[in-house]
Structures are given as structure tokens and as C-alpha cells.
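Biologist: Could we go through this model together? I would like to begin with the terms and then turn to the chains.

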2 protein chains.
Amino acid sequence: MLASTTPRGKLRARGSTVVARVLRATIEELARIGYGALGIEGVANRAGVNKTTVYRRWATKSELVRAALRSMGDDKVCEVSTGSLRGDLLAVGRSIIAFTASPEGRSILRMVLAEGMEPELAAIAASLRREREASPRALVGAAVARGEIARGADAMLVMETLFGAIIQRLFISHEPLNEAFLERIVDLLLSGVARTTRKRAALRLRSA
Amino acid sequence: MLASTTPRGKLRARGSTVVARVLRATIEELARIGYGALGIEGVANRAGVNKTTVYRRWATKSELVRAALRSMGDDKVCEVSTGSLRGDLLAVGRSIIAFTASPEGRSILRMVLAEGMEPELAAIAASLRREREASPRALVGAAVARGEIARGADAMLVMETLFGAIIQRLFISHEPLNEAFLERIVDLLLSGVARTTRKRAALRLRSA
DNA sequence: TTCTTACGCAACAAAAAGTTGCGATCGGGC
DNA sequence: GCCCGATCGCAACTTTTTGTTGCGTAAGAA
């Protein structure tokens, strides 16, 4: 199927194989150095392809990046439901961490963060962001229905803060982001930090 | 515009004036296009200065950016103490919001977020961050002393989450970042979102 | 004023970005 | 097995960007 993986010697990749490799390389370069510093030649090298091949297929840098971003729009957002708010928040947190660990996620985050550079790219980034906002809303709705949180509570605020805490950890403080840290964030969001006897009992119960 | 073309108007800038203008322009360019795409010539044009002037004063791009970021480190860090943890958190949040409201603050944050992995910049960002970490630590220490939070509580986690929530609001969701939002974040961090009768009483007491 | 410093400017050198022509080779069709 | 159109690699080339140097001159202090 793939011409590039032919057993003997090195055969020249062609057609859709080249497209896939170049777009993949574009995503990776985007994640590594960002849009501004991205170069056609660097993408070609990473893809194991001559730069003329890239130039002939995509006229400009923005066109190439647009094609690359479009090519990865099919990723699914996990829509698990664990039955408890805490479990759901942990699941969402894990998916966020996994997302930010992948080249695709880093590229999207870069695009979102660097908003204001290219109008077209900003639009793509905005649409990608909106796609990933849907399932968290359903999640907090379920928690309200179970009575775990008050109806008046700002549930989206919890999701956004969870996301923000992870982003902060990853991109600002650059400290390790493991399961233990995620649990501490979730427990903070659930119970807060203010001293309360009732709260400490709840925490103890949860850890058991 | 240029001194040479307007002999009677503006005079040619020199010395500290040139330095200030170039560093200022560097910050603005960082905010506009980021570190990777930043060019010396672009900075020089924005500063209304010849590119040779920039090249002679700063040998490399990283050196220029380092100087520019350091030049804004001189801004004072507010060290207020309101007597309560909630008040202190609100004060810190306000200073963060004020910081992010300025073009300079946005530029450094955007840079750290989007390109924090660049080795050269990681060191600068880390040192700048450490400078601003001192007062939050003192703040939570005071809260522990007052008995508002448990000694074992991860206080820095609260600060980092507060910071993360704000940058999430700023750079991801792009929703308004006002006093009302800040209060909701702080109350979430203090009391959590899980449903508790004791907690709702505490919130009511606090708002009175 | 005079003297030193440092900036503007143009011309240059080097490197990166982008283009073109052509031979090679892949894959589909006969 | 062989041909043919499409597409890729390669090298040579042009253009653009990036970085350097020498010199005239303006700015500011003595």
C-alpha cells in the first residue's frame, strides 16, 4: 500500500503518501516552533521530502498550515461518564493532559494562544476550540441532575478552571503533570481550600 | 519621521532614548508575532531606528529579547495584605488581571505560553517568574498562621490555579475578565463546588 | 566652540526563501 | 512485459531576508 515502506532500497513516496507525511510534519513543526518560525524547508526535511514537492503542492505557508489543521479535525473527544462528578472531572483532566501531550494538541494550543497573527488561522483555531467545548457542558449537566452540585453553581467555571490549572502547570511552571497532581486539582475544585471540619471529613471519606 | 529628513523637527534619538524605544518595540513585536518570527529589522522599524543601531547594541535576537523582558521586570510587584485570605486572593487576582491588561503583560504571557520550550527563553521566563513568586508564598503563609487554611493544604496550588484560571479566561475562552469573574474564581477556590449545607452558609456569610 | 560618542545610511556579504528545467521513477493501463 | 502520464528529486537559479562594515555626520557634554 505504502510505496515508502517497500522492503528493498528506498522507493520514492508519491501522491497521498507524500501529502500525509507533509501534513504530519507540518503539525509537528507547528508544535515545535510555532507558526511564525515555521519554514517550508524544515517541514520538507522532517517529512523526508524535497522542498520543491512541498512548494508545488501548497503555494504559501498559510495554505499549508490550513491544510494541516484541517487534516486533523477528526479527533474524537472522549465522552465518558463515570457516574460521579469527581470521576468525570478526573477523566476530563486526563483527556486534556493527553491532548496537550500530543503534537496535534500542542499545535492547536499554539494556534489558539497565538491568535491575532493570521485572520484565517484564527478562525480555524476558534472553530477547533468550540468543538471541544461541547462535552464538558453535558458533563456538568449530569452532575447537577445527580444533585452533586447546586443548580446555581457556575459549572462551566469549574471546567475552565480545571483546564486553566493544567495549562498553567504545563506551559508556565513546567512542572510534572501526573495523576497525583490532577487529583489535587480536582479535590481543590470540589472542596476548596478554606478550613472546615465537614470538608476534611469529606476528603478523608473520598480518599478511602 | 526620520531625523535626517526633518532637520527642524524631531532630533535624532540617542543613548538611553534609543534603548528605551527599541526595547519597547521589541515587547510590542513579541506581542504581535512571537519570538520565533521576531526580526531585528522589524523591531528597528517599529522603534523608528536604523537596524544597524540595534545590531550594534545587541548581538543576537535572544540577547535583545532578554534585555527587553528584563526591562519590564522593574515593574513593582504589589505586596498588599488585606487581613483575610479571600481579600488577599482577590488582591493578587486583581494585580494579575492588571498585568495582563497591559500590552507588555500580554506579550510576555503569550510568549511563555506559546514558546516556553525554547531553551533560551525558558531561563528568562523562569527567573522572572521566581521574582513574582515571593509575595504569594508570604500570603499563604499568613493565611495558615491565621488558621484560615490547614497547614498541610497545598497553598501554592491555589495560587497557581488562580493564575491558570485567569490565563484560561484571557487566552482560551476570551471571555470578559472582570471583578465579578474574579470573585467567582476565588470563592470556588475557597469553598469548592461540591454541594454542602455548611458551605452554602459560609458563602452567604462571606457575601454579607 | 571642539571633541567624543553613537546614529543613519548605503553598500556589501551571507543565508534563507522561493522558482524553474530536466531527468528519473512510480503506478496504472495495455 | 512495456508504455505513458504524473509526480518526485535534484541542481541551478533568482529573490528576499538577514547580518556586517565603513564613513559621514548629528548630538550632547566639556
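Modeller: A residue is called buried if 20 or more other C-beta atoms lie within 10 Å of its own, exposed if 12 or fewer, and partly exposed in between, with C-beta atoms placed from the backbone. Helices (H or I, at least four residues) are DSSP runs numbered from the N terminus. The model is predicted: local features need pLDDT of at least 70, side-chain atom pairs count only at pLDDT 80 or more, and totals for chains, interfaces and linings use all residues. Residues are numbered from 1 along each chain as its sequence is written, and chains are lettered from A and ligands numbered from 1 in the order in which they are written.

Biologist: Is helix 9 of chain A largely enclosed or open?

Modeller: Helix 9 of chain A has 15 of its 19 residues buried, so it is largely enclosed by the rest of the structure.

Biologist: What distance does helix 9 of chain A reach?

Modeller: Helix 9 of chain A, residues 155–173, reaches 26 Å from first C-alpha to last, close to the expected 27 Å; the expected span is 1.5 Å times one less than the number of residues.

Biologist: And what comes just after helix 9 of chain A?

Modeller: H174(A) follows, with a positive phi of about 55°. Most residues other than glycine have a negative phi. H174(A) lies in the loop between helix 9 and helix 10 of chain A, and counts as partly exposed because it has 15 C-beta neighbours inside 10 Å.

Biologist: What about H174(B), exposed or buried?

Modeller: H174(B) is exposed, with 12 other C-beta atoms within 10 Å. Its phi is also positive, near 55°.

Biologist: Which surface do the copies use?

Modeller: The copies meet through the same surface, because 95% of the interface residues of chain A are also interface residues in chain B.

Conventions:
Contact = placed C-beta atoms within 7 Å. Helix = DSSP H or I, 4+ residues; strand = E, 2+ residues; numbered from the N terminus.
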